[in-house]
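Please examine the sequence and the structure shown below before reading on.

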Amino acid sequence: MGAQKSIHAGKAKIDVNVDFTHKLCASLMLPPLRNTGSPLSLVIGSLCFKHPNLFGGSEKLDVSWDKGLYDSNLLVAYRRPRPEWLSQQCFVIQHSLSPEIGVHGVPIDNFSRSGSGGVNLSRLSLGLDMSEPTSSKWSSTTSIKFEHVRPLNDDWRSITRDLDGFSVTCSGNSFDSMVVLKQESRYAKANDNSFSRFSMQIEQGIPVVSKWLIFNRFKFVATKGVKLGPAFLLTSLTGGSIVGNMAPYQAFAIGGLGSVRGYGEGAVGSGRSCLVANTELTFPMNKMMEGAVFLDGGTDLGSGCHVPGNPALRQGKPGSGVGLGYGIRFRSPFGHLQLDYAINAFQQKTVYFGITNVAS
């Protein structure tokens with residue numbers, strides 16, 4: 001339910017995509033986060049500009065802007081050509097605006113949905129990404145970036161405290177600044193009957209200035225898929241932890257699509273540590289449709305009370321939860337549709353609906 005257009009201007013390419021699907025989905029299934037005001041705010045879309053040879057030396061420039069119902073993201077990436085045996089470098093500038101629902105969102109309808117907690121995040125980052133030469137199964141990326149995070153209320157004004165009067169930043173000021181060194185390693189192996197994937201992210205806050213955040217954060221995701229006759233079994237385990245100085249918005253949020261279905265985003269809990277397990281069995285129904293049954297579970301490992309301000313306890317989040325359900329997966333030339341029906345431990349039912357566009 002949208003429109004796509006590609007425009008070629010010399011060697012440059014401009015992609016425009018306007019989509020009304022999420023407007024329909026949000027009006028049917030999501031609680032309103034704020035008064036949207038203008039009808040244009042209900043339209044989502046993207047604008048992408050690409051130039052493959054900016055200065056005549058195969059330098060690549062990518063500029064993309066994505067707008068959602070309540071969020072937006074602007075990304076500028078500049079790549080210089082380097083020999084294949086050297087790490088590939090990319091200079092990145094990114095700015096995003098998004099509601100902070102995972103930690104500060106308020107669970108409603110027996111934790112099946114999450115409403116606005118009056119906290120939004122404006123993030124500005126700039127730095128360098130370096131991708132190491134890949135082996136047959138392993139790849140890695142190292143980045144160093146400066147990040148500036150400013151919490152905003154629903155009127156997009158700077159705030160220092162949430163609706164309960166607790167600080168929303170680590171510094172206590174209206175913003176947090178940090179220099180983050182990040183290392184990500186990925187492993188992938190596949191054959192005709194199964195595949196395995198593993199990724200590990202480690203982030204280190206570097207104390208360039210005494211008031212900037214100093215922390216160590218790691219996260220891993222292990223995924224295994226096995227073909228069982230005509231069906232396919234997919235399992236995954238996600239975990240992580242953070243030590244050192246942290247702001248509440250850096251906590252691990254548990255619950256929602258991609259985490260524990262049957263709960264709203266972050267409605268299970270938010271902590272310094274987390275562990276989430278997912279199992280899903282899909283089976284063909286016809287050439288274009290698959291059925292699915294799934295079981296999800298997650299916990300903050302008792303670390304919710306160690307998040308500054310203890311937002312999970314104040315919002316009555318349980319800290320652990322299990323969700324189960326079933327759904328369908330529909331594939332078409334225009335996109336992949338996913339519809340899930342889940343129930344959580346409080347016997348509250350939730351429907352998830354999503355569309356993934358097929359890249360052109």
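## Overall composition

The accessible surface of the chain comes to about 18900 Å², and 61% of this area belongs to carbon and sulfur atoms. Such areas come from the Shrake-Rupley method with a 1.4 Å probe; for residues, only the protein chains shown count as cover. The model is predicted: local features need pLDDT of at least 70, side-chain atom pairs count only at pLDDT 80 or more, and totals for chains, interfaces and linings use all residues. Residues are numbered from 1 along each chain as its sequence is written, and side-chain values use heavy atoms, with hydrogens and water left out.

The chain contains 21 strands and 3 helices. These elements are DSSP runs numbered from the N terminus, with helices being H or I runs of at least four residues and strands being E runs of at least two. Of the 360 residues in the chain, 41% count as buried; buried means under 20% relative accessible area, exposed over 50%, and partly exposed in between, with a 1.4 Å probe and protein chains only. Among contacts with a separation of 6 or more, 56% are between residues 24 or more positions apart, where contact means heavy atoms within 4.5 Å.

## Strand pairing

Two strands are said to pair if DSSP finds at least two bridges between them. Strand S12 (residues 194–206) and strand S13 (residues 215–228) run antiparallel and are joined by 11 bridges, with Phe-198 having Ala-222 in S13 as its bridge partner. S13 is also joined to strand S14 (residues 231–244), again antiparallel, through 14 bridges. Within that pairing, Asn-216 has Val-243 in S14 as its bridge partner. S13 and S14 form a hairpin with 2 residues between them, and Gly-229 in the turn has a positive phi of about 65 degrees.

S18 in turn pairs with strand S19 (residues 320–332) in the antiparallel sense over 11 bridges; here Gly-298 has Gly-321 in S19 as its bridge partner.

In soluble globular proteins, nonpolar side chains tend to be buried together. In this model the largest nonpolar core has 22 residues, of which Met-178, Phe-215, Tyr-249, Ile-254, Val-260 and Tyr-263 touch the most other members. The elements that give two or more residues to this core are strand S11 (176–190), strand S15 (252–254) and S17. A nonpolar core is a set of buried Ala, Val, Leu, Ile, Met, Phe, Trp, Tyr and Cys residues joined through side-chain atoms within 4.5 Å. Leaving aside residues up to four places away in sequence, the contacts of Phe-215 include Met-178, Val-180, Ile-242 and Val-243.

Gly-269 is found in strand S16 (residues 269–271). Gly-269 counts as buried because its relative accessibility is 0%. Beyond residues up to four places away in sequence, Gly-269 touches Phe-252, Ala-253, Ile-254 and Lys-317. Gly-269 and Ser-320 are 51 residues apart in sequence, yet 6.8 Å apart in space from C-alpha to C-alpha.

## Salt bridges and a buried glutamate

The count comes to 13 salt bridges, each being a side-chain nitrogen of Lys or Arg within 4 Å of a carboxyl oxygen of Asp or Glu. Asp-340 forms one with Arg-261, with the closest N and O atoms 3.3 Å apart. Asp-340 lies in strand S20 (residues 335–344) and Arg-261 in the loop between S15 and S16, so this pair ties together parts that are 79 residues apart in sequence. Both Asp-340 and Arg-261 are buried. Glu-280 forms a salt bridge with Arg-329 at 3.1 Å between the closest N and O atoms. Because Glu-280 lies in strand S17 and Arg-329 in strand S19, the pair ties together parts that are 49 residues apart in sequence. Arg-261, Glu-280, Asp-296, Arg-329 and Asp-340 are linked in a network of salt bridges.

Glu-147, in strand S10 (residues 138–152), is buried yet has no salt bridge; the nearest side chain of opposite charge, Arg-123, is 4.2 Å away. For charge, Lys and Arg count as positive and Asp and Glu as negative, while His and the chain ends are not counted. The contacts of Glu-147, not counting residues up to four places away in sequence, include Arg-123, Asp-176 and Met-178.
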